[in-house]
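Biologist: I have a new model on screen. Walk me through how to read it, please.

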Amino acid sequence: TADTLTFSFASSETFTLDQKYIDSMNSFTFVESDIDISQILSDPRYEFKTYSSEKQESIKNALSHWSDVTGIEFVEVDEASTNSYGDIRFFLQDFYNWQDIDPFYEGTAGFAYLPSYTGYDDALMGDVFIDTYYTPGDGYFEHLLTHEIGHAIGFSHPFEGLVNVDLKDHETIMSYDDNYFIAAQPMPADIKAGE
């Protein structure tokens, strides 16, 4: 049987800053510990945005591509109606505003946490964060989603693993290649790794 992972879409209406997220943010982000993150998240400039149905559909398509490669079944959890969230939680943020708080956001399109740790502060593991700037059909959004979902299910960049490999974008969606080949689906090396 295939493995199953749940996923959900977070927003300012569904996200609760509980102790597990506070611990995880303190451990795995660059936000200074003296900053009141709950106050920041209540400010409209910094609050988590709601994914449009079009963006949600693009994410579901990207998950489907990874499902074809890995055999993982992705099942949606509706945060609003269940008061719970998925193993992979998708966040939408205005990174331009967030760079005032954390310089990490400058020049960043998206990021995700590898599911490589289980512990008291593991709330962020598997979570995906996407900048509001990108939209479906812009020539980059689908690539960005598929790349970040790769991280959320455990794929790292080929140049940052235990063995550094110089793979190009036409070989893996997890690469940063200067040839500007922007894939929107897992590539041959991803398929091989997902088998």
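Biologist: Start with Glu148. Is Glu148 buried or exposed, and which side chain of opposite charge is nearest?

Modeller: First, a caution: this is a predicted model. Buried means under 20% relative accessible area. Glu148 is buried, yet has no salt bridge. The nearest side chain of opposite charge is Lys55, 14 Å away.

Biologist: Where does Glu148 lie?

Modeller: Glu148 sits in helix 6, residues 141–152.

Biologist: Which residues does Glu148 contact, beyond its neighbours within four places in sequence?

Modeller: Gly110, Phe111, Ala112, Val128 and Ile130. Keep Gly110 and Ile130 in mind. Gly110 stands opposite Ile130 in strand 5.

Biologist: How do strand 4 and strand 5 run?

Modeller: The general idea comes first. Strands of a sheet pair through backbone hydrogen bonds, either parallel or antiparallel. Here, strand 4 and strand 5 (residues 128–131) run antiparallel, joined by three bridges.

Biologist: What is the strand order of the sheet?

Modeller: The order is 2-1-3-5-4, in an open sheet of five strands with mixed pairing. Strand 2 and strand 4 (110–112) are the edges, each pairing on one side only. From one strand to the next, the twist averages 20°.

Biologist: Now the other end of that order. How many bridges join strand 1 to strand 2?

Modeller: Four, and the two strands run parallel. Strand 1 covers residues 4–9, and strand 2 covers residues 73–76. Thr6 stands opposite Val75 in strand 2.

Biologist: In which sense do strand 1 and strand 3 pair?

Modeller: In the parallel sense, over three bridges. Strand 3 spans residues 88–93.

Biologist: Why does Thr29 count as partly exposed?

Modeller: Because its relative accessibility is 22%. The partly exposed class lies between the buried limit of 20% and the exposed limit of 50%.

Biologist: What does Thr29 touch?

Modeller: Set aside residues up to four places away in sequence. Thr29 then touches Ser24, Tyr113 and Leu124.

Biologist: How far apart are Thr29 and Phe104 in sequence and in space?

Modeller: Read both separations. Thr29 and Phe104 are 75 residues apart in sequence. In space they are 9.2 Å apart, C-alpha to C-alpha.

Conventions: Residues numbered from 1 in each chain as written. Predicted model: local features only at pLDDT ≥ 70, side-chain atom pairs only at ≥ 80, totals over all residues. Heavy atoms only, no water. Pairing = 2+ DSSP bridges. Axes fitted to C-alpha atoms, helices over the stretch in contact; angles between N-to-C directions. Buried < 20%, exposed > 50% of the residue type's maximum accessible area, 1.4 Å probe, protein only. Contact = heavy atoms within 4.5 Å. Lys, Arg positive; Asp, Glu negative; His and termini not counted. Salt bridge = Lys/Arg side-chain N within 4 Å of Asp/Glu carboxyl O.
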